[in-house]
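This briefing is for a reader new to the structure. Please look over the sequence and the model before reading the notes.

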Amino acid sequence: MAVSSDSILRFHQKIFAKHPILELENGVSRIAVGAGGVSCSTRKLRSKARIGAKAVAEARVKGLESFEVNLDLGLDAVAEKKLREKGFSGMRKTKLVCTIGPACCSLEDLERLARGGMNVARLNMCHNTKEWHRDVIKKIKRLNEEKGFCVSVMIDTEGSQIHVVDHGAPSSLKAEEGSVWVFTAQKFEGSLPFTIRANYEGFSEGIMVGDELIIDGGMASFQVVERMGNDLRCKCTDPGLLLPRAKLSFWRDGKLSHQGLPTISEKDWADIDFGISEGVDFVAVSFVNDAEPIKHLKNHLSTKASRSIRVLAKIESLESLRKLEEIVEASDGIMVARGDLGVEVPLEQIPAVQEEITRICRQLNKPVIIASQLLESMVEYPTPTRAEVADVSEAVRQSADAMMLSGESAIGSYGEKALSVLRMVSNRMELQCHEENRQNALHQPCLGVSLPDRISEEICNSAVEMANNLGIDAIFVYTKHGEMASLLSRNRPNPPIFAFTDDNDARMALNLQWGVIPILVDLSDDMESNISKTTDLIKSKGMMKDGSSVLIVSDLTPSCATRTAFQSIQVKTIV
């Protein structure tokens with residue numbers, strides 16, 4: 001069917017439509033919640049339509065640019081620069097996670113990723129030494145301190161997973177169809193032809209002739225044709241690459257045939273204690289099948305860590321899907337590891353499973369990261385496939401909190417370009433979702449049990465609805481530990497959320513929340529003083545113009561007052 005040029009023009013006009021934003025002049029609307037109920041006092045608001053700036057997405061990668069660093073304002077230097085250039089409407093809401101590896105571990109590479117929009121740096125404990133990881137963490141903390149970035153650090157545990165022993169070289173082997181290979185746990189130096197060494201001595205226990213061996217979620221497949229003591233002789237049925245540290249899984253009649261390994265291994269506990277000593281912000285736990293390992297780890301962190309470390313559960317098995325809600329409730333966030341999950345779930349069901357996980361996480365107010373194979377082709381090529389771009393767009397459309405690069409940044413030659421693709425597609429899709437008003441479509445169940453918690457939740461729900469209806473430029477939330485910022489994020493408001501906190505742990509945790517720009521500032525019991533100080537500081541840096549309208553909420557309560565006494569919603573015009 002032919003498409004007219006007029007139709008195309010109308011489509012582009014719709015996609016690039018400008019946003020009318022309400023201007024409030026000399027007006028203040030306040031809904032104050034006191035211990036005895038709700039009271040309202042409203043001054044007359046005068047509105048006038050204003051044309052917003054069109055968002056422009058750029059995919060090209062720039063070199064290191066000069067950033068003016070204002071260390072007196074605890075705002076990420078990248079967010080500060082974007083505010084000056086594009087204003088509130090140009091703030092990206094989907095967070096970006098980059099896996100750090102040999103291809104991007106220098107100070108210069110890390111700075112480029114930070115400038116390119118990296119919110120969280122992920123360290124995969126399957127690879128490299130503790131000394132290597134310690135060096136990377138020190139570099140990130142140095143960049144945060146000296147360059148004004150706000151990049152959180154996540155370690156990802158290896159889990160009790162059988163994998164190919166890494167011989168120290170970033171090389172791969174090609175398995176051809178019909179070729180026969182020996183899989184063994186015996187130690188040997190160098191390499192042997194058609195021989196693969198597994199990391200776990202009991203890897204072949206319970207495995208039978210006829211079982212299927214899957215490499216890295218489907219990179220290659222074998223069939224077990226003979227048992228030779230503890231070794232397995234396997235025939236390649238689907239050709240592919242055997243990468244260093246590739247994961248091995250055995251299947252029988254469509255089900256995993258190797259079970260019983262603990263979720264958190266002895267090595268994982270050592271890596272977790274290493275993360276505690278190095279001051280990481282997140283620990284992601286691999287192969288979580290129920291809530292118990294998460295609860296155990298959180299208890300461990302509460303006694304061993306001097307600061308708050310958030311725990312993320314990786315969803316990558318059918319068993320984890322069966323117990324998804326209890327895992328989400330026990331965790332501080334979820335990572336959808338689609339590579340391993342795709343081995344156990346039929347391929348055609350992966351998009352629906354991803355959307356369901358994202359929906360449940362949002363309802364239970366836990367951030368969710370979409371991971372694995374987002375831009376897999378960019379490990380080797382400088383441009384993504386169109387199918388990959390569509391996949392990234394779908395993750396943004398589903399309102400996932402974050403997207404993660406794995407091999408694209410860790411070992412690929414085009415990690416910075418891959419990050420720019422995520423940034424570009426996020427900006428584009430977020431604008432389209434804004435135009436189609438999808439962000440607030442999901443019904444939010446009540447999470448609070450106590451009256452104060454329920455009041456906070458209702459305030460945040462109402463604040464987002466008010467901000468969207470009034471065309472507010474930004475939401476300012478003053479929060480001690482980040483709870484109200486998280487509740488605002490859960491509702492996916494159109495304007496960005498600026499979370500002011502004096503708790504650095506809360507600031508780094510909010511780095512993973514959709515639409516939240518965390519800012520570290522000194523806060524007092526006097527809310528009017530906090531508002532005046534922060535707005536004056538942001539305005540003095542050229543990041544906010546006269547006439548900007550902001551909606552203000554807070555969970556700060558003076559020590560002499562009840563918890564609900566000072567919770568409020570305010571709408572103010574900056575003059």
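The model is predicted, so local features need pLDDT of at least 70 and side-chain atom pairs count only at pLDDT 80 or more, while totals for chains, interfaces and linings use all residues. Residues are numbered from 1 along each chain as its sequence is written, and side-chain values use heavy atoms, with hydrogens and water left out.

**Helix pair α14 and α15**

- Helix α14 covers residues 451–470 and helix α15 covers residues 483–490. Helices (H or I, at least four residues) and strands (E, at least two) are DSSP runs, numbered from the N terminus.
- The two helices pack at an angle of about 45 degrees, and their axes are 9 Å apart. Axes are lines fitted to C-alpha atoms, for helices over the stretch in contact, and angles run from 0 to 180 degrees between N-to-C directions.
- α14 and α15 are therefore oblique to each other. Angles under 35 degrees count as roughly parallel, over 145 as roughly antiparallel, 65 to 115 as roughly perpendicular and the rest as oblique.
- The crossing of α14 and α15 is right-handed. A crossing is right-handed if the near helix is turned clockwise from the far one by less than a right angle, and left-handed if anticlockwise.
- On the α14 side, Ser456, Glu457, Ile459, Cys460, Ala463 and Val464 meet Met484, Leu487, Leu488 and Arg490 of α15. Contact means heavy atoms within 4.5 Å.
- This contact of α14 with α15 has seven nonpolar, one polar and two charged residues. Ala, Val, Leu, Ile, Met, Phe, Trp, Tyr, Cys and Pro count as nonpolar, Asp, Glu, Lys and Arg as charged, and the others, Gly among them, as polar.

**Helix pair α5 and α6**

- Helix α5 (residues 266–278) and helix α6 (residues 292–304) cross at roughly 40 degrees, and their axes come within 11 Å. That makes α5 oblique to α6.
- The α5 and α6 crossing is right-handed.
- Trp269, Ile272, Asp273 and Ile276 in α5 meet His296, Leu297, His300, Leu301 and Lys304 in α6. By class, the contact has five nonpolar, two polar and two charged residues.

**Ser377**

- Ser377 sits in the loop between β18 (368–371) and α11 (386–397).
- Ser377 is buried, at a relative accessible area of 17%. Buried means under 20% relative accessible area, exposed over 50%, and partly exposed in between (1.4 Å probe, protein chains only).
- Leaving out residues up to four places away in sequence, Ser377 touches Thr383, Pro384, Thr385 and Glu388.
- The side chains of Ser377 and Glu388 are joined by a polar contact of 2.7 Å. A polar contact is a pair of N or O atoms within 3.5 Å; within protein, one must be able to donate a hydrogen and the other to accept it, and residues adjacent in sequence count only if both atoms are side-chain atoms.
- Ser377 and Ala418 are 41 residues apart in sequence, and their C-alpha atoms are 9.7 Å apart in space.

**Ser249**

- Ser249 lies in strand β13 (residues 248–252) and counts as buried at 16% relative accessibility.
- Its side chain makes a polar contact of 3.1 Å with the side chain of Trp251.

**Positive phi**

- Phe287 is not a glycine, yet has a positive phi of about 55 degrees. Phe287 lies in the loop between β15 (282–285) and α6 and is buried, with a relative accessible area of 17%.
- Ser399, also not a glycine, has a positive phi of about 65 degrees. Ser399 is in the loop between α11 and β19 (402–405) and is buried at 4% relative accessible area.
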